[in-house]
Amino acid sequence: MRPFDDIDRLAKNPALDKIAAPARDLVHKVLRRQDVKDALHGVWLGHPLHPVLAQASLSFFASAGVLDVAPRTRRPATVLIALGLVSAAPTLAAGWADYADGHEEQQRVGVVNAAANGAMIAGYAASLAARLRGRSTRGAIIGWAALAAGVVGANLGGHMAYHQAMGANHAEGYPHIGPGDWTDVGPADELPEGEPTRRIIGDVGVLVVRRGETIHALADRCAHASAPLHEGSIVDGDGRGDCVVCPWHGSVFRLDSGSVVHGPATAPQPTFRTRVREGRLELAVTGYPGVPAS
Ligand code: FES
């Protein structure tokens with residue numbers, strides 16, 4: 001049996017919902033401000049923030065573990081542990097923000113991940129306290145135990161990111177598989193004004209919205225977790241032009257550029273070029289090599 005089969009069993013275990021669901025509801029209750037949520041998701045970074053911060057925290061802790069076995073380096077190890085504990089606060093906040101907008105199976109693994117990371121942080125806090133009392137050997141032993149818990153947490157986090165695609169860009173494939181040639185999708189005058197509509201070209205679904213003489217077309221699959229954007233709503237995006245709101249977790253994307261106005265999505269929606277020829281709408285994916293501008 002492969003180690004990740006065990007994590008899959010966690011993901012399928014509904015008993016974990018007794019903890020996962022209240023934890024999700026609590027995060028939603030505490031995290032109300034959209035600007036704070038956007039900052040924690042990493043909208044400003046164009047990439048999920050949590051993995052970046054988690055790398056920093058674990059690097060401090062792992063480095064301290066190495067210094068603890070080197071001669072006369074317990075003091076710098078203590079400094080690294082203190083830095084790791086300081087960096088853990090924003091790391092946890094970003095992780096919980098992402099967790100709250102995950103799906104059920106991600107959240108089941110997420111609560112076990114949180115328990116492992118909680119054990120790691122408690123262990124390092126105890127290690128730091130022991131070191132500050134002058135008991136550096138005891139502090140080092142507790143630190144190694146905490147690092148072991150951190151490795152378990154890191155494996156679970158890796159599973160969530162790579163196996164369950166949490167934080168991944170779910171619309172990344174569009175520029176690679178969307179048709180590069182102009183493709184007819186039907187009469188342009190059949191598009192309702194201001195209503196999200198779905199069209200299929202090649203193997204991909206496209207969100208199409210008419211605004212007067214302008215026709216916008218974006219990847220229909222939400223970059224955050226694959227929701228069908230044509231089931232979302234069209235809004236005025238805080239003075240930033242027309243936007244679509246994702247029906248699942250409320251990410252907001254500009255219709256003209258696909259850029260993210262609000263998360264949890266951090267990657268923009270791929271866009272399609274549009275043109276009308278003899279009354280018929282044609283689309284071609286943007287960024288596809290060899291596609292001429294309309
Ligand atoms: S699927 Fe989560 S915001 Fe769209």
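1. A residue is called buried when its relative accessible area is under 20%, exposed when over 50%, and partly exposed in between (1.4 Å probe, protein chains only). Helices (H or I, at least four residues) and strands (E, at least two) are DSSP runs, numbered from the N terminus. Please keep in mind that this is a predicted model, where local features need pLDDT of at least 70, side-chain atom pairs count only at pLDDT 80 or more, and totals for chains, interfaces and linings use all residues. Residues are numbered from 1 along each chain as its sequence is written, and side-chain values use heavy atoms, leaving out hydrogens and water.

2. Have a look at strand 10 (residues 280-285): 5 of its 6 residues are buried, so to speak mostly covered. Two strands pair if DSSP finds at least two bridges between them. Strand 9 (residues 272-277) runs antiparallel to strand 10, with 6 bridges, and Arg273 has Ala284 as its bridge partner. In their hairpin, 2 residues sit between the strands, and Glu278 takes a positive phi near 50°.

3. Strand 1 (residues 183-187) also pairs with strand 10, antiparallel, over 3 bridges. Here Pro187 is partnered with Arg280.

4. Now the rings: those of Phe, Tyr and Trp (its six-membered ring) pair if their centres lie within 6.5 Å; planes under 30 degrees apart are stacked, over 60 edge-to-face, the rest tilted. The count is 3 aromatic pairs. Phe61 and Tyr124 are stacked, because their centres are 3.9 Å apart and their planes at 5°. Both residues, Phe61 and Tyr124, are buried.
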